[in-house]
Amino acid sequence: MAAEATPRINARYLESFTNSTVRILGRVTSLRGESATIDANGSVQLHLNRDAHLTLNNAVEIIGKVQPDLTVKVFQAMDFGSNIDFNAVEAVVDATHRYKEIFYTAD
C-alpha cells in the first residue's frame, strides 16, 4: 500500500488543499494552549495535538490536515530550531508545485 502524499505548502496554498494532509514549515509566532500560529509565507493557524512541543520563534515542520476554515489540525510536529534558511524552504515549496506531477497528484 502506498503512503499518502503530503505535499509541502505554505499559507498561500491552504485553500487549494482543504481536507488534505500536507507538510508546512514555518516560524512559530504565537502559542496559546492547544493553538499556535506559524509564519509560512503568511499566517497559518494550528490546532495542536498533545505531542506537539513548539518553541516560540523556532522553525517547525507540521504534518497535518487542512480544515475547511483553513486552519490546520496537527498530526505531527518537529522542531527545526532557529537556524533555517526560509528562502530555501520557499524554493522547495515553489518547486513542489511547479513540478507537482513528481510530488503529488492534483485532484
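How many salt bridges does the structure hold, and which side chains meet in them?

Modeller: Before the answer, a word on the basis: this is a predicted model, in which local features need pLDDT of at least 70 and side-chain atom pairs count only at pLDDT 80 or more, while totals for chains, interfaces and linings use all residues. Residues are numbered from 1 along each chain as its sequence is written, and side-chain values use heavy atoms, with hydrogens and water left out.

The structure holds three salt bridges, a salt bridge being a side-chain nitrogen of Lys or Arg within 4 Å of a carboxyl oxygen of Asp or Glu.

One of the salt bridges is formed by the side chains of R8 and E61, at 2.5 Å from N to O. Since R8 belongs to strand β1 and E61 to strand β5, this pair ties together parts that are 53 residues apart in sequence. The two partners differ in their cover, where buried means under 20% relative accessible area, exposed over 50%, and partly exposed in between, with a 1.4 Å probe and protein chains only. R8 counts as partly exposed because its relative accessibility is 31%, whereas E61, at 10%, counts as buried.

E61 also forms a salt bridge with R23, and here the closest N and O atoms are 3.4 Å apart. With E61 in strand β5 and R23 in strand β2, the pair ties together parts that are 38 residues apart in sequence. R23, like R8, is partly exposed, with a relative accessibility of 24% for R23 and 31% for R8. Through shared partners, the salt bridges join R8, R23 and E61 into one network.

Another salt bridge is made by the side chains of D94 and R12, at 2.6 Å from N to O. D94 lies in helix α1 (residues 86-98) and R12 in the loop between β1 and β2 (21-32), so this pair ties together parts that are 82 residues apart in sequence. D94 itself is partly exposed, its relative accessibility being 26%.

A5, in the segment before β1 (8-9), is in contact with T21, F103 and Y104 once its neighbours within four places in sequence are left aside. The C-alpha atoms of A5 and F103 are separated by 7.5 Å, although these residues are 98 apart along the chain. For the protein chain as a whole, among contacts between residues at least 6 apart in sequence, 53% join residues at least 24 apart.

N58 is buried, with a relative accessible area of 16%, and, leaving aside neighbours within four places in sequence, its contacts are G26, R27, V28, D79, G81 and S82.

Definitions and conventions: Contact means heavy atoms within 4.5 Å. Helices (H or I, at least four residues) and strands (E, at least two) are DSSP runs, numbered from the N terminus.
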